[in-house]
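Colleague: Please take a close look at one part of this model, the packing of helices against each other. How do they cross, and which residues meet there?

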Amino acid sequence: MSERPNSPAARDIAYHLHPYTNARKHERDGPFILTEGKGVHVWDDQGNRYIEGLAGLWCTALGYGEERLIKAATDQLRKLAFTHSFAHKSHPSAIDLAEKLIELAPVPMSKVFFNNSGSEANDTAIKLVWYYNNARGRPEKKKIISRIKGYHGVTIASASLTGLPYNHQDFDLPIQNILHTGCPHHYRFAHDGEGEEDFASRLAAELEQTILDEGPETVAAFIGEPMMGAGGVIVPPKTYWDKIQPILRKHDILLIADEVICGFARTGNYWGSQTFGLKPDIMTMAKALSSAYVPISATLISEEIYAAVADNTEKIGTLGHGFTYSGHPVAAAVAAETLKIYEERDIVGHVRGIMDGFQAGLRRFADDPLVGEVRGVGLVGAAELVADKAQKTPFDPAGQVGGYFTARAQAHGLIVRNLGDTIAVCPPLIITAEQVEQVFEAFGRALADTRDWVMDEGLASVA
Ligand SMILES: Cc1ncc(COP(=O)(O)O)c(C=O)c1O
């Protein structure tokens, strides 16, 4: 008899180390295997159908089985499966895509650098900021300020930017020159009786104090998601970005907008920077750039940054940065086609047409005794589950109740993601109003199951 496992689940346990997974729990519980997708739905290997309520990982904007993207990929594979972009080489798809992104940018941008993931896009941004300040003869201006609960990826620099404990713990991170400032979550971090605008003023004052304490001549850039995603879908308080940006300008600090989740209509405008009034010097994007059909990301830089970087490459002889797959032809072709589809189908208009219904759907759970806060913007939202609503007491241990909710949602045909005990919903942008209703019907059933279980287990005293 063979010793080798032969079911897909057993083989997965035997050979596959999963990202963001408790490996020992995985050995006990095994994988959840998805095998097919069409539109907003996916199917598991048992034939069960689900609404993909998190668009995969906030990314499958056009849903599954979009024939035009499949054709764009296969056409490009046939024509020219690969060429790189090093040493002056280029190809039509990368040229088209770069031109289109510069045209779409919400503020004047000069050049596009291609990478393969959001993490890499942010690493590139940081490296270019450092390179730029060296080029300008300011080698001491290197610190990057990020935010507690910000999410910017998992490579060594981008994980350092990320302001979540799991991404640092036992990885010996963050690296030097990365600082974290306050999280703009009013529900969790405002003082008693502090209004949204006062909270925003306090965060801005704290940021300025940090800059002054560190020395403005040492602070190079501030990075932020216009609206935080993986940290818990945190919509900034009113006036937050209006108050942060003048401080950055005053101290000659660049603003990097991480549009990896917010970009491409998610918040009801093409860019999160438009929804929240950011005027970035650098923008990073990934995920919906290709509707997640193939990995690709981009880092856009302003003319001022480009000019200094370009002069430095002339001095050194090259830009010593780039990935084998920077601007991969297949990825670039799919991304270029994705952007065409967004335009032709007026994806921003579609999102605007259904986002009020989506937000209202979520907000009908606001009074549930288990729900501390519902929040969101555009077609992304979350419900934070708490042990005591009046006191805003989180569950202890964190994530157990959220995990239960996610499992119950799945049993009711809905895939969502629990970020600890915050349940995030971020469906494909092509979702219809009727499907939004189905999402929240399943959500309500999962919430009722979770409430019963929490009471049975004595985890909270919910009425
Ligand atoms: C805002 C943001 N930035 C960066 C990243 C990292 O992207 P990736 O997982 O493609 O490296 C993510 C991933 O969720 C993200 O949400």
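Modeller: A helix here is a DSSP run of H or I with at least four residues, numbered from the N terminus. This is a predicted model, in which local features need pLDDT of at least 70, side-chain atom pairs count only at pLDDT 80 or more, and totals for chains, interfaces and linings use all residues. Residues are numbered from 1 along each chain as its sequence is written, and side-chain values use heavy atoms, without hydrogens or water.

Take α5, residues 92-104, and α13, residues 329-344: their axes are 8 Å apart, at an angle of about 40° (axes are lines fitted to C-alpha atoms over the stretch in contact, and angles run from 0 to 180 degrees between N-to-C directions).

Now take α15, residues 400-411, and α16, residues 433-456, whose axes come within 8 Å and cross at roughly 135°. These two helices are therefore oblique to each other, and the crossing of α15 and α16 is right-handed. Tyr404, Phe405 and Arg408 are among the α15 residues in this contact, and Phe443, Asp449 and Trp453 are among those of α16. By class, α15 and α16 bring together 9 nonpolar, 2 polar and 2 charged residues.

Key: Angles under 35 degrees count as roughly parallel, over 145 as roughly antiparallel, 65 to 115 as roughly perpendicular and the rest as oblique. A crossing is left-handed if the near helix is turned anticlockwise from the far one by less than a right angle, and right-handed if clockwise. Contact means heavy atoms within 4.5 Å. Ala, Val, Leu, Ile, Met, Phe, Trp, Tyr, Cys and Pro count as nonpolar, Asp, Glu, Lys and Arg as charged, and the others, Gly among them, as polar.
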